[in-house]
Amino acid sequence: MPSFNQSVFRPAVFFLTGIPGLETSHIWISIPFCCLYAIAISGNGMILFVIITESSLHEPMYYFLSMLSFTDLGLCLSTLITMLGIFWFNAREISFDACIGQMFFIHGFTFMESSVLLAMAFDRFIAICNPLRYAMILTNLRIIKVGFAIIIRGTTALVPLLLLLKRLSFCRSHVLHHSYCFHPDVMKLSCTDTKINSAFGLAIVISTAGFDSILILLSYVLIIHSVLCIASPEERKKAFGTCVSHISAVAIFYIPMISLSLVHRFGKHAPPLVHTLIANVYLLIPPVMNPIIYSVKTKQIRKAVLKVFLSKLI
């Protein structure tokens, strides 16, 4: 373990953590992580490819799905280098500025994914509750505007948050609990007052993920009410079937994120292994599972993916 100067200063480096207590087995542990990264990158890349190349998928629902795959790819690539660097080369050091940069992309793509899931909920609401106006409401121009709004919303709030972090000084151990830089994790190591940072960070989370989750829940309350008004059981089943993939994506995104937030706020005495495992689940499970869910549950995506594979084989 490196020795640390206990005087107050802004650190040149932080030290990332692999799997606590299993450092000697990092090479073997890297194998399942490599498989998860490979599945996430290839799966989301394939979703993007088939949506771009297949004209039959040039519809609002699939445009939003391509945005979801893009954000999942961004999340994977944001942590790929540091995580595999730790497992393969024990490269635990990361400079303060590089840490700030990684945080920008991790939190930025996280907030963008939350916004995309909200946009997808709105898409399902219009498709089920107002199908006759669906094409008129969700035009290509409006979808492009939504895409730009998602990017702007996901990144602008982070700039002041990270600038506030840069003003802090650190005098404690600079060992982070994760294999990547996470804002609450870095903030905890500061020996100066972090009340402003904590309040601003909480405000951003509430105004993005918290606000989005409430609107997603409200949209499904309205969807369920609309579906229950449908007389035919077959039509009810079909309507609910179109929402299963999105509901699954919402669950695998919000449950790990809430779990990680709770661990950071109330799990101070939890074993380091718990922090590490939840942090890895938070960033890896949604990018891995989303392409699988949409490939299995969405007939059009499944047919397009199979078409690509068959064309390659032939």
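How many disulfides does the count come to in this structure? The count comes to one disulfide. Please keep in mind as you read that this is a predicted model. Here are my notes, point by point.

1. **The disulfide.** The bond joins Cys99 to Cys181, with an S to S distance of 1.9 Å. Cys99 sits in helix 3 (residues 96-129), while Cys181 belongs to the loop between helix 6 (158-166) and helix 7 (183-188), so the link ties together parts that are 82 residues apart in sequence. The angle about the S-S bond is -120 degrees, which makes the link of Cys99 and Cys181 left-handed. Cys99 and Cys181 are both buried.

2. **Cysteines without a bond.** Cys76 is in no disulfide, and the nearest cysteine sulfur, that of Cys34, is 12 Å away. Cys76 counts as buried, because its relative accessibility is 0%. Now look at Cys229: its closest cysteine sulfur is in Cys129, at 9.3 Å, which is too far for a bond, given that a disulfide needs sulfur atoms within 2.5 Å. Is Cys229 buried or exposed? Cys229 is exposed, since its relative accessible area is 57%.

3. Phe33 is buried because its relative accessible area is 11%, and Phe87 counts as buried because its relative accessibility is 2%.

4. Trp88 and Phe89 form an edge-to-face pair, 6.3 Å centre to centre with 90 degrees between the planes. Trp88 is partly exposed, with a relative accessible area of 41%, whereas Phe89 is exposed at 65%. Elsewhere in the list of rings, Phe70, Phe104, Phe105 and Phe109 are linked by ring pairs into a cluster.

5. **The nonpolar cores.** Which residues have the most contacts inside the largest nonpolar core? They are Leu65, Leu117 and Tyr180, in a core of 62 residues. Leaving aside neighbours within four places in sequence, Tyr180 is in contact with residues including Leu16, Thr79, Met83, Ile106, Leu260 and Tyr282. Gln102 and Asn280 are also among the contacts of Tyr180.

6. **Asn90.** Here is a backbone detail to look at in the viewer. Asn90 has a positive phi of about 55 degrees although it is not a glycine. Asn90 is placed in the loop between helix 2 and strand 2 (93-95). With a relative accessibility of 52%, Asn90 counts as exposed.

7. **Leu218 and Phe125.** Leu218 is part of helix 8 (residues 195-228). At 45% relative accessibility, Leu218 counts as partly exposed. The C-alpha atoms of Leu218 and Phe125 are separated by 9.9 Å, though the two residues are 93 apart along the chain.

8. Helix 10 (residues 244-266) holds Ala251, which is partly exposed with a relative accessible area of 31%.

Conventions:
Residues numbered from 1 in each chain as written. Predicted model: local features only at pLDDT ≥ 70, side-chain atom pairs only at ≥ 80, totals over all residues. Heavy atoms only, no water. Buried < 20%, exposed > 50% of the residue type's maximum accessible area, 1.4 Å probe, protein only. Phe/Tyr/Trp six-rings, centres within 6.5 Å; stacked < 30°, edge-to-face > 60°. Helix = DSSP H or I, 4+ residues; strand = E, 2+ residues; numbered from the N terminus. Core = buried A, V, L, I, M, F, W, Y, C linked by side-chain atoms within 4.5 Å. Contact = heavy atoms within 4.5 Å.
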